[in-house]
Amino acid sequence: MTINPGEFTFRAACHEDLDEFADLYCTLWTNSLRNRGDFEDAMLAGRYNISMQFNRSPITIVAEAGGKPIALCCVGVFDDGKPRVNEYWHERYEDLLAQATARLEQGGDERLAGCLFGDTREKATADRFAATGNEFAQAQINLLIIRPEFQGKGLGGELLRRARTAIREAGCTKFFLMTDSESDWHFYDHIGMTRIAEDHSQDTGDGFTVYMYGDEA
Ligand SMILES: CC(C)(COP(=O)(O)OP(=O)(O)OC[C@H]1O[C@@H](n2cnc3c(N)ncnc32)[C@H](O)[C@@H]1OP(=O)(O)O)[C@@H](O)C(=O)NCCC(=O)NCCS
């Protein structure tokens with residue numbers, strides 16, 4: 001599937017995008033908080049997690065439609081097995097990390113901890129994988145999200161195509177990504193990526209599985 005030429009424009013992310021993508025993150029992944037009315041906590045989870053992804057992604061690609069940001073791809077690069085920091089986002093990330101940590105210290109349950117820091121735990125797994133020097137651990141697609149009303153129009157494929165180009169320009173030949181059973185992981189099978197690992201250790205009876213995919217850039 002290819003996008004309609006002219007329907008979308010592409011650029012790097014800027015600070016003004018944070019709340020837009022935090023809102024999208026919140027819509028996609030914080031149901032357990034929103035369902036019980038914890039909207040403020042859900043938005044904090046969105047803002048912290050988006051800033052965390054930006055902080056570890058020197059390459060960010062935003063798609064806009066009609067002047068509004070509607071999709072995002074964040075790409076990390078590893079130097080000697082360590083994720084390179086995006087300095088433009090570092091202060092925002094540190095600030096939101098402090099807010100998220102303080103919120104949990106005030107009192108919070110497993111759901112709040114999961115929504116705030118579940119992705120951070122997943123990144124720690126990615127970093128342990130990268131530290132082994134695996135051939136795929138040169139770059140990582142950290143995040144790929146499209147507004148629901150713009151899904152199915154070729155944007156996911158287009159953002160990945162642009163991410164691959166940027167990964168090659170950064171001097172990397174291979175990359176990996178992590179996704180899970182609560183995300184649209186079938187997409188990566190559909191586009192022909194190779195599943196290189198899966199982890200059932202966080203399955204608490206709900207079938208939760210983390211999948212790792214790898215590919216040539
Ligand atoms: C998964 C996601 C990135 C796909 O983006 P998209 O713009 O909807 O996908 P595209 O329109 O580019 O589709 C490209 C191809 O993948 C297929 N596809 C899209 N989503 C799919 C899914 N969930 N499962 C299987 N195939 C899928 C399309 O049918 C299309 O196939 P074709 O080229 O053979 O016609 C998007 O749906 C999304 O943001 N989902 C929510 C966030 C998420 O789960 N992100 C990924 C996991 S971290």
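Predicted model: local features only at pLDDT ≥ 70, side-chain atom pairs only at ≥ 80, totals over all residues.
1. Helix 6 covers residues 155–169. The buried residues of helix 6 are Leu155, Gly156, Glu158, Leu159, Leu160, Ala163, Arg164, Ala166 and Ile167. After helix 6 comes Gly171, which has a positive phi, near 90 degrees.

2. Helix 4 can be examined in the same manner. This helix runs over residues 87–105, and its 19 residues should span 27 Å at 1.5 Å a residue. The end C-alpha atoms lie 27 Å apart, which agrees with that expectation. Trp89, Tyr93, Leu96 and Ala100 are the buried residues of helix 4. The elements that cover them include helix 1, helix 3 and helix 5 (110–131).

3. Helix 1 (residues 18–29) and helix 3 (residues 39–55) form a contact that deserves attention. Their axes come within 8 Å and cross at roughly 115 degrees, and the crossing is right-handed. On the side of helix 1, the residues involved are Leu18, Asp19, Phe21, Ala22, Asp23, Tyr25 and Cys26. On the side of helix 3, they are Ala42, Met43, Ala45, Gly46, Arg47, Asn49, Ile50, Ser51 and Phe54. The residues of this contact comprise ten nonpolar, three polar and three charged.

4. Is Ser51 buried or exposed? Ser51, a residue of helix 3, has a relative accessible area of 0%; the cut-off for a buried residue is under 20%, and therefore Ser51 counts as buried. Leaving aside residues up to four places away in sequence, Ser51 touches Leu18, Arg92, Tyr93 and Leu96. Of these partners, Leu18 belongs to helix 1, while Tyr93 and Leu96 are among the buried residues of helix 4.

5. His15 is located in the loop between strand 1 (9–11) and helix 1. Its relative accessibility is 25%, so His15 counts as partly exposed. With residues up to four places away in sequence not counted, His15 touches Tyr88, Trp89 and Arg92. One of these, Trp89, is a buried residue of helix 4. Between His15 and Thr173 there are 158 residues in sequence and 30 Å in space, C-alpha to C-alpha.

6. A final point concerns the annotation. An unreviewed UniProt entry assigns "domain: N-acetyltransferase" to residues 8–217. Over that range the chain is 45% helix and 25% strand, and the C-alpha atoms at its ends are 23 Å apart.

Note on methods: Residues numbered from 1 in each chain as written. Heavy atoms only, no water. Axes fitted to C-alpha atoms, helices over the stretch in contact; angles between N-to-C directions. Helix = DSSP H or I, 4+ residues; strand = E, 2+ residues; numbered from the N terminus. Left-handed = near helix turned anticlockwise from the far one by under 90°. Contact = heavy atoms within 4.5 Å. Nonpolar A, V, L, I, M, F, W, Y, C, P; charged D, E, K, R; others polar. UniProt positions renumbered as here; feature names shortened; annotations may be inferred. Expected span 1.5 Å × (residues − 1). Buried < 20%, exposed > 50% of the residue type's maximum accessible area, 1.4 Å probe, protein only.
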